[in-house]
Amino acid sequence: MRLLAFVIASAAAFAQVPDISGVWSPSRATGPSAPAPPTPIVLKSPYKEKYAERRAAEQAAAAKGEQLAAAGLCEPYGMPSMMTVAVYPMEVIQTPKQITIVAEAFSEVRRIYMGKPQSSLDDIDPGYYGHSVGKWEGDTLVVDTLGIKPSIRGYQGMPHSEKLHITERIRKVGEALHDQITLDDPVVMEKPVTYTLVYKFVPNYEMVEFVCENNREYVDDKGVVRLQLHGK
């Protein structure tokens, strides 16, 4: 009887949390539902100077219709960049113990373990997506992520150390889904950066396989991404 009561109570508790499952596509919100603008990126030296040089090189390349290589070709975006890649949607699979987010671009997958304490940074193997734990605070899913490899480019190509800490507050705002992301890194950043991603619900959408295969892009000796023509 106790087990049955526990199961019923758990099911009731899960039924009370918002349902964010389904497919969501990057969007924009205007008017009263628009999120606050992103806070400025303020980095410490020498990261500040290196970041400024990189951004200037990217702008110069863009003016020429070129693109600088951000990382290894076909390498996953990782967190937090995977949460918004152009217009590619993401699918949220929601259960009481885990929320799984699958991005269509590069078929990237992250797992948020619900109701568990965050691990010590020393106990996390650094990776593309880190270790994420979550909990519901009313209608908001609060996600804590640690363990992102320093080689993964951050928000706006921002550098970071192994101590990067990502906090997300995900909630429905009307018909949209907002993901407020705060990045904090005591090694690289003078102060945290906060920005909000907005998604619209895409009913009846079936996710498409996206595999980086037969890639014809290459990086020349100046770090510019170019397209390899057939037979050359």
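**Ring pairs, a barrel and a pocket**

Tyr155 is buried, with a relative accessible area of 15%. Buried here means under 20% relative accessible area, exposed means over 50%, and partly exposed falls in between (1.4 Å probe, protein chains only). The model is predicted, so local features need pLDDT of at least 70 and side-chain atom pairs count only at pLDDT 80 or more, while totals for chains, interfaces and linings use all residues. Residues are numbered from 1 along each chain as its sequence is written, and side-chain values use heavy atoms, with hydrogens and water left out.

Start with the fold. A closed barrel of 9 strands runs E1-E3-E4-E5-E6-E7-E8-E9-E10, with mixed pairing. From one strand to the next, the twist averages 30°. That angle is taken between N-to-C directions, from 0 to 180 degrees, with axes as lines fitted to C-alpha atoms. Strands are DSSP runs of E, at least two residues, numbered from the N terminus. Two of them pair if DSSP finds at least two bridges between them. Strand E1 (residues 22–27) and strand E10 (residues 193–201) run antiparallel and are joined by 4 bridges. Pro26 stands opposite Tyr199 in E10.

Now the rings. Rings of Phe, Tyr and Trp (its six-membered ring) pair if their centres lie within 6.5 Å; planes under 30 degrees apart count as stacked, over 60 as edge-to-face, and the rest as tilted. The count comes to 6 aromatic pairs. Trp24 and Phe201 have ring centres 5.1 Å apart and planes at 65°, so this pair is edge-to-face. Trp24 lies in strand E1 and Phe201 in strand E10, so the pair ties together parts 177 residues apart in sequence. Trp24 is buried at 3% relative accessible area, whereas Phe201 is partly exposed at 41%.

Tyr155 returns here. Its ring and that of Tyr195 have centres 3.9 Å apart and planes at 10°, so the pair is stacked. Tyr155 sits in the loop between strand E7 (140–146) and strand E8 (165–173), and Tyr195 in strand E10, 40 residues apart. Tyr195 is buried too, with a relative accessible area of 6%. Elsewhere, ring pairs link Tyr77, Tyr88, Phe106 and Phe210 into a cluster.

E10 gives the largest share of its lining, 4 residues. Pro26 and Tyr199 are among the lining residues.

Technical notes: 1 Å grid on protein atoms, 1.4 Å probe; cavity = no way out; pocket = protein on both sides within 12 Å on 5 of 7 lines; lining within 4 Å.
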